[in-house]
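Morning, everyone. Please bring up the model on your screens, and we'll walk through a few helices.

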Amino acid sequence: MIEAEPQSYDRVLSSMCTDPHPSAVAAANRFLGSNPGDPATFPAIADLESRAIDLLGEITGIDTAHGYIASGGTEANIQAMHVARNCASVESPTVIVPESAHVSFHKAAELLDVTIEVTPVDENGQADVDAMRERVGEETIMVVGVAGTTEYGRVDPIPEIAELAATYDVHCHVDAAWGGFFLPFTDYSWNFADAAIDSLTIDPHKVGRAAIPAGGFLVRAPAMLDAVRFDAPYLEDGSQPTLGGTRSGAGVASTVAVLSELWPDTYRHEFERCMGNATWLADALSERGFDVVAPELPLVVADVSERTFTALRDHGWRISRTRADELRIVCMPHVTREQLSTFLDDVDVVRESAITRGQAGDS
Ligand SMILES: *Cc1c(COP(=O)(O)O)cnc(C)c1O
């Protein structure tokens, strides 16, 4: 028996992961030894993976979804670029991503020898489609929209980005790795039904509450998967469209378990609770004089000094920063109002001790 204890989520305000749902834990345990990467040898988990993709299709507005359960959003985004590159016949391929795009697109560009062009976001943190349009050219193979950005939880104008992609006949990918399980309960246009997008990333192991690793990679047409399929004669099935070889049966089975059990009612309830917490926290920080970025999804960003940030970490809070050095708090399902109250008590303690010592506060 190893002596280490898994860390609890009690003080975790920085993560886009959360406690897996009990149904996910039970399903994951049962399928730990199954390999969906070898579907002909492990048909039971292969069937579950088809169900997982169908269910993810339901959430993302497509009747006949194709795709697979990847190791996470990073792999899904890499595969999206891989598909776009292999489907295009372009000498020096270029992809256009807003500056809010996840680091995985930069990893993908390096791996695939694709040039990445980063375009600005507007003052609300959403992709500037005019700026993207100015950069589209002969060598462009893909444009990307983010539905729930990692730093600010913003949703890009997906229909406009899809229209731009259609005009130039390039691949349109939507990254909803984090936002995908919140967005069905908002008014945003973000999925296959809302726009003519080609592929989409949605992570069951984040807001979906499946067991890690479970990322979702969905494409509109099976030919897109064939574009990245490799022959693997030693497998009974003979070929693989995935980046990984052996994959997690736990990720696949727990995805089916949570989607069957939580979609849509529990997810709707979780969205409302998480969003309520984010709004409440944003208001409470504003009242204390901090500059707060108003949350549009359950993610709160506020300007706090280096000293306050460090002091809060010393109080045991797991918190993180944006590139602009702001405090970033992700109101995931494990984050409760009570936990946030305790956090705010610590914010007050930290500020009072600063005042007592005559140091400048944050506001
Ligand atoms: C978390 C995240 C990813 C990466 O997902 P992993 O599962 O960590 O690989 C990609 N895109 C967005 C928008 C994310 O928030």
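Let's start with a contact between two helices. In this predicted model, Thr74, Asn77, Ile78, Met81, His82 and Arg85 form the α3 side. They meet Ser104, Phe105, Lys107, Ala108, Ala109, Leu111 and Leu112 of α4. Sorted by class, that contact has 7 nonpolar, 4 polar and 2 charged residues.

Now the geometry. Two packed helices are described by the angle between their axes and the distance between the axes. Here α3 covers residues 73-87 and α4 covers residues 104-112. Their angle is about 45 degrees, and their axes lie 9 Å apart. The two helices are therefore oblique to each other. The crossing of α3 with α4 is right-handed.

Next, helix α2, residues 43-59.

Which residues of α2 are buried? They are Ile45, Ala46, Leu48, Glu49, Ala52, Ile53, Leu55, Leu56, Gly57 and Ile59.

Zoom in on leucine 55, in α2. It counts as buried because its relative accessibility is 17%, and the cut-off is under 20%. Leaving aside residues up to four places away in sequence, leucine 55 touches Val256, Leu259 and Ser260. Look at alanine 253 too: it sits 198 residues from leucine 55 along the chain, yet their C-alpha atoms are separated by 12 Å.

Last stop: just after α2, glycine 61 takes a positive phi of about 75 degrees.

Notes. Residues numbered from 1 in each chain as written. Predicted model: local features only at pLDDT ≥ 70, side-chain atom pairs only at ≥ 80, totals over all residues. Heavy atoms only, no water. Axes fitted to C-alpha atoms, helices over the stretch in contact; angles between N-to-C directions. Helix = DSSP H or I, 4+ residues; strand = E, 2+ residues; numbered from the N terminus. Parallel < 35°, antiparallel > 145°, perpendicular 65-115°, else oblique. Left-handed = near helix turned anticlockwise from the far one by under 90°. Contact = heavy atoms within 4.5 Å. Nonpolar A, V, L, I, M, F, W, Y, C, P; charged D, E, K, R; others polar. Expected span 1.5 Å × (residues − 1). Buried < 20%, exposed > 50% of the residue type's maximum accessible area, 1.4 Å probe, protein only.
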